[in-house]
Amino acid sequence: MKPRLRQLFSPLLPKGRAGILAAYELLTTRARDGQRLSALAHMVLSTPELRDAYAALLSGIRLSVSFGSGKSILVTSTQPNEGKTTVASCLAIAASLSGQTVLLIDGDLRRPSLASAAGIANGVGFSEILEGQAETSDSIYLVEVFEANRGAGPLSVMGAGGKSPEFLPRVDWCRARTTFQSISQRFGLVIFDSPPILAANDALLLAGIVDGVLLVVGAGSADRSEVRRAKEQLDPLGTPLIGAVLNQFDPKIHGRANQPYLGYDLDARR
């Protein structure tokens, strides 16, 4: 990976990696439809290493000069199965835990999953708003993912909607950007999940309506040339690439750090 592609997310060591794998399984298991996002939130809340890792990622984004005062982030990857949807969901959960008002949008019209994960109807959603055929109030659902965490901010979800991606080339993207900038003003952070850059052109189209792009890189699956190609495709758009998330890191394969992160939790005796 090129040095200038700044890594914001440190590889998770054994406990964190187990949490990531379990989180991925929760988000992709169809038997848990309607409960997967809540289960994922519980996992982030109850696993200090996982929670701290995503809190660090969130802080890195907020401190990024290229992101500045932006509010909307597109989370994508180079290829499928690198964990972009899990990262987008956990990042939204971490932002909610920090007290922010968060909107999680399913922009993956090819393989939508967030509506079922949140237990909401995938009727009117992102695709209808993008085409100007619906009101935003009909597509945003407030979801309860924390049973008794009073400090958490509200987390809302917008499903992908009912349209296939064939309509995307005819979208008025200037109008779409204005629409979603207006939506973003109502939230502290808006996170879009999108298809992989090298697998579909959708992510490049969607990158034009957000303030920054976060690239998820699966350790051991994406190689340097693929990451370079993804970056080269994003560069001409003008939307800043905030950084990269190194996901699915396995210390047994990729090597253990000299000083592995073991967690530094609040002393319960205080």
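In helix H3, the buried residues (under 20% relative accessible area, with exposed over 50% and partly exposed in between, using a 1.4 Å probe and protein chains only) are Glu49, Leu50, Ala53, Tyr54, Leu57, Leu58, Gly60 and Ile61. The model is predicted: local features need pLDDT of at least 70, side-chain atom pairs count only at pLDDT 80 or more, and totals for chains, interfaces and linings use all residues. Residues are numbered from 1 along each chain as its sequence is written, and side-chain values use heavy atoms, leaving out hydrogens and water.

H3 spans 21 Å from its first C-alpha to its last, close to the expected 21 Å, which is 1.5 Å times one less than its number of residues. Helices (H or I, at least four residues) and strands (E, at least two) are DSSP runs, numbered from the N terminus.

| Helix | Residues | Buried residues |
|---|---|---|
| H2 | 36-46 | Arg36, Leu37, Leu40, Ala41, Met43, Val44 |
| H3 | 48-62 | Glu49, Leu50, Ala53, Tyr54, Leu57, Leu58, Gly60, Ile61 |

In H2, the buried residues listed above fall within an arc of 160° seen down the helix axis, so they line one face of the helix. The arc is taken from the directions from the helix axis to the C-beta atoms.

The protein has 10 helices and eight strands. Of its 270 residues, 52% are buried. Among contacts (heavy atoms within 4.5 Å) with a separation of 6 or more, 81% join residues 24 or more positions apart.

The average pLDDT (the predictor's confidence in each residue, from 0 to 100) is 81, and 78% of the residues score at least 70. Over residues 1-18 the pLDDT is below 50, and this stretch has 50 contacts in the model beyond near neighbours in sequence. Where pLDDT is low, the predicted coordinates should not be read in detail.
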